[in-house]
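I opened this model to look up a few things and kept short notes. The entries follow in the order in which I made them.

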Amino acid sequence: MEETDREAVATAVQRVAGMLQRPDQLDKVEQYRRREARKKASVEARLKAAIQSQLDGVRTGLSQLHNALNDVKDIQQSLIDVNKDWRQSINTIENLKDVKDAVVQHSQLAAAVENLKNIFSVPEIVREAQDLIEQGELLQAHRKLMDLECSRDNLMYEQYRMDSRNTHDMNLIHTYFGDMQKLSEELAKQLWMVVQRSLVTVRRDPTLLVSVVRIIEREEKIDRRMLDRKKQTGFIPPGRPKKWKEKMFNILGRTVSTRIEGTQADTRESDKMWLVRHLEIIRKYVLDDLLVAKTLLDQCFPLHYDIFKKLLSMYHQALSIRMQELASEDLEANEIVSLLTWVLNTYKSTEMMGNSELSPEVDVNGLNLLISQNVVDQLLSKYMSTLTSNIIGWLRKALETDKKDWVKETEPEADQDGYYQTTLPAIVFQMFEQNLQVAAQISEDLKTKVLLLCLQQMNSFLTRYKDEAQLYKEEHLKNRQYPQCYVQYMIAVINNCQTFKESIISLKRKYLKIEMEDASSSSHTNMDAILDIIAKEGCSSLLDEVFMDLEPHLNELMTKKWLMGSNAVGTICVTVEDYFNDFAKIKAPYKKTMTVEAHRRVVVEYIRAIMLKRISFKNAEERKEGAERMIKEAEQFRFLFKKLAAGSGEDTEGLCGIIEAIAEVIKLTDPSLLYLEVSTLVSKYPDIRDDHIAALLTVRGDASRDMKQTIIETLDQGPSQPNPNYMPIFKEITVPTLTVSKLLK
């Protein structure tokens with residue numbers, strides 16, 4: 001208290017000091033005193049009021065505690081009295097057991113009385129319900145069934161309450177209502193028949209389907225009620241829960257599976273197109289069923305059934321199972337294509353699940369694959385393996401068929417431009433096209449793989465084609481009269497090479513992506529090379545045919561008979577021109593190659609005839625006559641090949657110019673200028689050898705041994721500057737075995 005007083009005095013001093021800081025404030029001391037006195041009085045009044053209020057609350061609380069104590073004492077006394085009364089009434093309660101049993105029995109009897117009418121009329125109600133089922137009045141039949149079940153369930157429940165262990169009475173009730181169970185099964189059978197035919201029923205009699213759904217809904221409610229009572233009492237009637245809703249969906253699922261499986265009308269043995277027909281029927285049935293389910297069936301079921309989505313799921317599952325079964329069979333290549341095309345493309349296309357009438361309920365992007373990617377890969381692998389074998393077989397068969405044509409006695413067919421050809425390229429590339437079109441239906445990746453496979457097999461095929469063309473030539477050489485149209489069919493083989501080239505380019509342009517061209521470039525280059533070899537060998541064999549016919553006339557060149565006026569060159573020109581009437585049916589660029597090579601070989605054979613030294617001119621007159629004849633014949637050759645090469649751009653001057661240059665050497669009258677003329681010849685044709693010069697001088701007939709040796713030795717010492725555009729020709733010409741040294745002796 002002393003400390004509090006000190007704090008109060010200190011506070012008062014501080015406040016007074018604050019109020020009396022100036023002299024003029026002393027006049028207001030009395031005013032300050034009165035104001036502080038009023039404040040003090042107010043504070044004291046509030047303190048007194050607060051203390052009084054606290055005292056009143058304490059007084060009230062003490063009064064209530066006193067009353068509560070008295071109440072507790074009264075309750076305690078009452079409990080003592082109740083305890084005494086309870087102990088005295090135990091025996092009385094035991095004596096009331098008979099009364100309790102009587103009450104339960106009364107309850108059972110009351111239930112029996114309440115269901116007495118139904119109990120006595122069970123057989124009659126069952127018969128009526130059966131008649132209603134036969135008449136198709138399923139709702140009314142179910143109502144009677146529900147009444148019977150209610151009566152049975154109430155009786156059994158009361159029996160269960162009285163004595164749950166009394167199975168005898170339970171069985172007695174169950175047996176009495178036994179016909180009702182058969183009635184329930186008969187009604188269920190009718191319901192499931194309607195459910196199985198729901199997609200048909202909903203079009204003809206949707207009311208019947210609605211009745212079935214209402215019955216199932218009633219049973220679902222009864223099931224829920226019985227299950228709730230079981231949780232409370234432990235009792236549930238026999239046959240509950242029926243789960244008819246679950247059974248309905250199970251039956252729908254089995255119906256869908258049966259419908260999918262039942263669409264296979266044929267087998268491979270009876271119809272090669274069995275799988276295509278089977279898949280098309282599935283597509284049509286599934287689309288029709290789902291459209292009916294969306295537009296009609298959905299309206300016959302409660303919203304919470306979500307019947308369309310459940311049916312969609314059932315169809316997808318059934319289709320998946322069916323596709324897996326088909327995939328596991330030993331399918332042929334075309335069947336694998338049909339299956340994969342249907343699974344990967346048709347299923348989600350507008351022809352089926354992507355149909356506009358099914359959207360937006362059906363989202364094709366949300367549908368899973370009907371078969372796993374692993375199975376798809378296995379099928380593709382099997383398809384590629386089978387296709388490889390098939391292509392090899394098809395190509396072999398096509399070549400064998402083409403070879404049979406080669407020995408025919410009739411000319412091959414010609415295309416619209418008159419070029420000979422066989423059907424081989426068309427058959428091969430038609431087969432490739434068909435397989436590529438089929439592969440394109442499945443995926444771009446498979447299409448690329450099939451194209452690369454076709455090109456790869458084409459590569460091997462062309463090698464066999466080359467070998468067969470060579471054998472064809474060899475067989476002909478054994479007997480040139482057979483086959484009769486050898487030349488024409490060899491021309492067709494050559495033309496086929498160009499057709500193959502064009503077809504390969506067209507196939508790649510049509511089916512191969514630009515980024516994949518590098519993968520096939522090496523194969524393409526190799527095929528082009530093989531085709532060029534086949535064509536080149538074919539051209540060579542045709543020219544061999546020509547020169548075999550020309551051989552007797554070539555042997556007349558540079559002989560006495562030739563000098564006396566033989567028409568060998570005229571015959572050669574006529575023969576070549578006659579052959580080239582057929583060769584005109586060779587396609588470019590091989591036609592030009594053929595003309596160039598024929599020109600070259602004619603000139604080579606003519607020069608070879610000179611180098612064979614069949615004749616040696618005796619005097620200047622013979623040399624002049626022979627040289628002029630050579631120049632004239634060179635002009636004949638030039639005219640012939642200019643005619644044959646019309647429009648091809650071939651140089652027909654250079655080769656014939658060699659004959660003329662040789663003729664100039666022979667024609668020379670002044671032997672002292674012989675070295676100059678020969679050196680001019682050598683400078684123009686640098687591949688000419690010493691033996692060629694020696695043979696030429698021998699044919700001339702007036703060159704002495706020393707002159708020959710001097711000319712040859714001098715020419716060997718001279719520089720040689722060949723023309724870069726010159727195509728060597730003398731290197732192909734051999735001179736008879738006499739060497740230069742022997743010749744000079």
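Cysteines. I looked for a partner for Cys-573 and found that the closest cysteine sulfur, in Cys-656, is 9.1 Å away, too far for a bond. A disulfide is counted here when two cysteine sulfur atoms lie within 2.5 Å. I noted for myself that a disulfide is a covalent bond between the sulfur atoms of two cysteines. The structure holds 0 disulfides. Cys-573 is buried at 10% relative accessible area, and Cys-454 is buried at 0%. Buried means under 20% relative accessible area, exposed over 50%, and partly exposed in between, with a 1.4 Å probe and protein chains only.

Ground rules. This is a predicted model, in which local features need pLDDT of at least 70 and side-chain atom pairs count only at pLDDT 80 or more, while totals for chains, interfaces and linings use all residues. I number residues from 1 along each chain as its sequence is written, and side-chain values use heavy atoms, with hydrogens and water left out.

Overall make-up. I read off 28 helices and 0 strands for the protein chain. Both are DSSP runs numbered from the N terminus: helices are H or I with at least four residues, strands are E with at least two. The protein chain has 745 residues, of which 41% count as buried. Among its contacts with a separation of 6 or more, 76% are between residues 24 or more positions apart. Contact means heavy atoms within 4.5 Å.

Asp-402. I found this residue in helix H15, which covers residues 373-406. A salt bridge needs a side-chain nitrogen of Lys or Arg within 4 Å of a carboxyl oxygen of Asp or Glu. Asp-402 does have a polar contact of 2.9 Å, side chain to side chain, with Thr-422. A polar contact is a pair of N or O atoms within 3.5 Å; within protein, one must be able to donate a hydrogen and the other to accept it, and residues adjacent in sequence count only if both atoms are side-chain atoms. Setting aside residues up to four places away in sequence, Asp-402 touches Thr-422, Thr-423, Leu-424, Tyr-465 and Asn-496.

Salt bridges. I noted 33 of them in the structure. Lys-408 has one with Asp-405, at 3.1 Å from N to O. Lys-408 is partly exposed at 40%, whereas Asp-405 is buried at 17%. Lys-449 pairs with Asp-445, with the closest N and O atoms 3.5 Å apart. These two, Lys-449 and Asp-445, are 4 residues apart in helix H17, so about one helical turn separates them. Lys-449 is partly exposed at 42%, and Asp-445 is partly exposed at 48%. Asp-691 forms a salt bridge with Arg-689, at 3.4 Å between the closest N and O atoms.

His-692. This residue is in helix H26, residues 690-700, and is buried at 0%. Beyond its neighbours within four places in sequence, His-692 is in contact with Met-611, Asp-687, Phe-730, Ile-733 and Val-735.

Helix H25. In this helix, residues 674-684, I listed Leu-674, Val-678, Ser-679, Leu-681 and Val-682 as buried. Down the axis of H25, the buried residues fall within an arc of 155°, so they line one face of the helix. The arc is taken from the directions from the helix axis to the C-beta atoms.

Backbone. The peptide bond between Tyr-482 and Pro-483 is cis, with omega about -5°. Pro-483 sits in the loop between helix H17 (444-478) and helix H18 (486-511). Another cis bond runs from Ala-588 to Pro-589, with omega near 5°. Lys-243 is not a glycine, yet its phi is positive, near 55°. Lys-243 is in the loop between helix H10 (206-233) and helix H11 (244-261).
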